[in-house]
Amino acid sequence: MRTRLFSVFFFCLSILICQEKYPKDSFRSPLDIPLILSGTFGELRSNHFHSGIDIKTQKRQGLPIYAIQDGTVTRIKVSLWGYGKALYVAHPNGFTSVYAHLKKFSPEIEAYIKEIQYKKQSYEVEVFPDYGELEVKKEDVIAYSGNTGGSSGPHLHFEIRSSVTEKPTNPLLYGYEVRDATNPTLVGLFGYPLSKDAHVNQSAEKIQLNFTQQKDGSFLADKVLANGTIGFGFNGFDRQDLAANKNGVYSVKQTVNGKVYSEYDFETFSFGETRYINTFIDYAHFGKFRQRIQKCFKDDSNKLSIYNSLYLDGKIPVVEGLSYSVELLISDIEGNDIKVVIPVEGKKAPLKIAKDDKPTDYFIKANKPNSFDLGAAKVYFPESTFYEDFYIDLKKGSDTITIHNETVAAHRNFTMTFDVSKYSKQEQKQLFIARLDKNSEPRHYKTYKRNNTFSARSRTFGTFTLAKDTTPPSIKPRNFKEKQWLSNYRYLSLEIADDLSGIKTYSATLNGEWILMEYEPKTRTITYNFDDKINGKTQCDLKVLATDNVGNSTTFTHTFFRK
């Protein structure tokens, strides 16, 4: 153990001594096809920044993925959602490469992880091999591309992280070539009154600004009449040459009369800060219109470290009688950029649009815990659940509560506690806390049951209720029939589904021995690979058990034959 600790210590020390910031010639491509991206580093996603690049795999699965440099596997994770099947490889130069949404691993790694899956009798596993236990060489095939986890289509999610800090860095800084001579696209431009007495074009609320493209390719906004402290934001995207995907931009610089007021880029960030994206964008606008406006100013609650330069937090104090030239330079990582010029004149004017403050019966103090009794349930918001003070909209129902709307972001989980004492113990077994979707269909939330109280945690607002699930899951064979000969089959496939609370657990045995069934929730399928060679019996008795989230279960049995 002491020897292992010393080896890890000297490994980390060597990294700190010799690590080059972004080595350009050390890494090969993880794929042997041209790199065309469906997602860029730092791209704005729900509640997080994208921590890698998404590489298109020609709408196919099973493309070989290569180790980008010599290294050792330090982590393997198999999960139903998130990264799905993921592989982490540490390299001697101080970086770790990450490959996600994989279909399968290389034969050696596949055998390693399957042994653990069979030992734990679980498809979902996460392991951290000892340093040097699974070594790989540059050019080795280490996995095959897929569509597992939270992927919405076949692609490779690829990251390069610091092995010391574990912070992800932009993979395109390491010399990878992606064809891109296309400028970013400006979709919308917005002005924000930020101080109590401020206005932009006689509005105390955010207002959209008109702009036109000039002959030189730049954009010029109509003159803005403003007073007080104001800020600007924009909605835009970037495209590479060979893809239609609307990806994220790399950097933004805001200057006022030639002075830099704010500048940020997506070179790197830490996972611990990524949820502060909800302060970086105009979250209320996103909640209403599903469009992400990037603010060129920094809110007080914004803890992001992506800023290279800030003056007055990017906020602009406008004085009556003075003129200002605000410029935004929006760039991609290849240096393609667009310039946006916003002329501002300091001028007081009567408001045409007043601030839309609508008090409710409930007020949130962001720096304190808040608790509310809504009859059917109690709601508890811990300290710092929210980024700022605000009036929260809470509604009571007989068995439902409605918590605000999608225009406010929660940084931490809040807790709902329902009193279920009016239900019998048998009824309680089949009840769970659910959130109603846009079609008023209940969606299961992990429910903690204790005596006559049910509780659940969430960072999403909406209408929550108690739902009842009395129907067990369904299990159906997909590629075989009862007493069929399957000698030439490579795999067994079944469909498992639940109509309400969702599948919680499943397991399968073949002639009494546990077998590994790979579960793909997106297609509601479980699959057994005959290469696992559980036993050599001709008659095979299959048994599959599926249980939903309230305990309803179904057992499926089938007999087939195989030589």
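**Strands around β45**

I began with strand β44 (residues 518–520), which runs antiparallel to β45 and is joined to it by 3 bridges. For pairing I required that DSSP find at least two bridges between two strands. Strands are DSSP runs of E of at least two residues, and helices are runs of H or I of at least four, numbered from the N terminus. The model is a predicted one: local features need pLDDT of at least 70, side-chain atom pairs count only at pLDDT 80 or more, and totals for chains, interfaces and linings use all residues. Residues are numbered from 1 along each chain as its sequence is written, and side-chain values use heavy atoms, with hydrogens and water left out.

Within this pairing I located Glu518 opposite Thr527 in β45. The hairpin of β44 and β45 has 4 residues between the strands, and there I noted that Arg524 takes a positive phi near 55°. I then looked up strand β41 (residues 491–497), which is joined to β45 (residues 525–529) by 5 bridges in an antiparallel arrangement. Here Leu492 stands opposite Tyr528 in β45.

**Aromatic pairs**

I next turned to the rings. A pair of aromatic rings is described by the distance of the centres and the angle of the planes. I counted rings of Phe, Tyr and Trp (its six-membered ring) as paired if their centres lie within 6.5 Å, with planes under 30 degrees apart as stacked, over 60 as edge-to-face and the rest as tilted. The structure holds 35 aromatic pairs. Phe372 and Phe381 are edge-to-face, because their ring centres lie 6.1 Å apart and their planes stand at 65°.

For burial I took under 20% relative accessible area as buried, over 50% as exposed and values in between as partly exposed (1.4 Å probe, protein chains only). Phe372 has 13% relative accessibility and therefore counts as buried; Phe381, at 0%, is buried as well.

I also examined Tyr445 and Phe464, an edge-to-face pair at 5.5 Å centre to centre, with 90° between the planes. This pair links distant parts of the chain, 19 residues apart: Tyr445 lies in the loop between β36 (442–444) and β37 (448–450), and Phe464 in strand β39 (residues 462–468). Tyr445 is buried at 17% relative accessibility, and Phe464 is buried at 0%.

I recorded one aromatic cluster whose members include Phe41, Phe49, Tyr264 and Tyr307.

**Charges over rings**

Finally, I looked for NZ of Lys or CZ of Arg within 6 Å of a ring centre and within 35 degrees of the ring normal. Lys104 lies over the face of Tyr144, at 5.5 Å from the ring centre. Arg562 lies over the face of Phe530, at 3.8 Å from the ring centre.
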